[in-house]
Amino acid sequence: NMRRIVDLTLPIIEGHWRYGYHVTPVKTHANHDPWQNVTYHLESHWFTHIDFPLHFDPEGETSDDYPIEDWAFSDCLVLDLSYVGDNTAITGEMLEKANEKYKDRHFDTVLIRTDRGKKVDWTTKEFWETSPYLDESGGIWIQNYHPKVVGYDFPQDYEIRNIPKKKKGDPIPQPVHEHVLKQGKILQIEYMNNLWKIGTDICRLVALPLNTQHADGMQIRVIAVVEE
């Protein structure tokens with residue numbers, strides 16, 4: 001048997017229009033320091049990351065409440081929604097149809113695959129502004145399926161595209177976060193990539209965030225392990 005590893009994680013890069021990630025040298029070889037190291041400016045929900053309920057619920061669970069042995073290594077179902085076009089709502093009915101041939105099994109992790117990053121460069125504004133999204137019925141479907149973890153390769157709530165334009169106090173309805181994260185207490189992995197490279201509907205998934213305490217979210221490295 002051959003084992004193939006597929007990295008499903010975005011690179012953490014400087015100069016992204018939406019994320020202010022930057023690296024500040026602390027010690028450098030150029031400065032004749034004895035070693036090199038840097039400081040990162042990095043928010044907990046930039047690039048590929050995991051959401052814990054505290055992100056959306058003041059009383060919500062944190063990283064402390066989700067020991068990795070319960071969820072970080074799992075059998076994973078990839079639901080293929082790659083046919084969905086720009087600005088199109090993914091409904092509960094569409095998810096149900098994608099799950100049809102696996103309805104007799106339940107998976108701890110479900111990934112929703114639109115191939116967004118294959119169609120549109122993830123570094124562009126267009127990636128967000130014309131993306132497909134889940135409508136409320138899609139969020140309810142995930143809540144009812146109740147995986148431990150759900151992952152997306154697209155901005156799953158419609159309003160995510162508008163966040164940079166919002167002023168403090170403006171409403172930002174996000175029904176998927178509401179149903180999945182806040183009510184369902186299901187972990188969300190946002191902004192995954194390369195789901196099309198898995199090449200199979202079922203794989204093993206390894207998803208490891210940094211071991212920060214009391215976290216509302218954190219960057220995460222996610223890989224698919226495919227046995228061939």
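Predicted model: local features only at pLDDT ≥ 70, side-chain atom pairs only at ≥ 80, totals over all residues.

Author: **Looking inside**

In helix α4 (residues 136–145), the buried residues are Gly138, Gly139, Trp141, Ile142, Gln143 and Tyr145. Buried here means under 20% relative accessible area, exposed means over 50%, and partly exposed is in between, using a 1.4 Å probe and protein chains only. Helices (H or I, at least four residues) and strands (E, at least two) are DSSP runs numbered from the N terminus.

Residues are numbered from 1 along each chain as its sequence is written, and side-chain values use heavy atoms, with hydrogens and water left out.

Now for the core itself. Nonpolar side chains in soluble globular proteins tend to be buried together. A nonpolar core is a set of buried Ala, Val, Leu, Ile, Met, Phe, Trp, Tyr and Cys residues joined through side-chain atoms within 4.5 Å. The largest one here has 24 residues, and Leu8, Trp71, Leu111 and Ile198 have the most contacts inside it. Strands β5 (73–80), β10 (187–190), β11 (202–209) and β12 (217–227) each give this core at least two residues, and β12 makes the largest share, with five. Apart from this core there is another, of 21 residues, including Leu95, Val150, Tyr152 and Phe154.

Take isoleucine 198: leaving aside neighbours within four places in sequence, its contacts (heavy atoms within 4.5 Å) are Arg4, Val6, Leu8, Val78, Leu111, Cys203, Ala224 and Val226. Cysteine 76, in strand β5, is buried because its relative accessibility is 0%.

The structure holds zero disulfides. Cysteine 203 counts as buried because its relative accessibility is 4%.

There is buried charge to look at too. The side chains of arginine 113 and aspartate 115 form a salt bridge at 2.7 Å, N to O, and both residues are buried. A salt bridge puts a side-chain nitrogen of Lys or Arg within 4 Å of a carboxyl oxygen of Asp or Glu, and by this rule the count is 13. Asp80 joins Arg113 and Asp115 in a salt-bridge network.

Back to arginine 4, one of the contacts of isoleucine 198. Arginine 4 has a salt bridge with glutamate 228 (2.9 Å, N to O). That pair links distant parts of the chain, with arginine 4 in strand β1 (residues 3–7) and glutamate 228 in the segment after β12, 224 residues apart. Arginine 4 is partly exposed because its relative accessibility is 27%.

For contrast, look at arginine 221, also in β12, which is exposed because its relative accessible area is 52%. Not counting residues up to four places away in sequence, arginine 221 touches Asp7, Thr9, Val206, Ala207 and Leu208.

Note on methods:
Disulfide = S-S within 2.5 Å.
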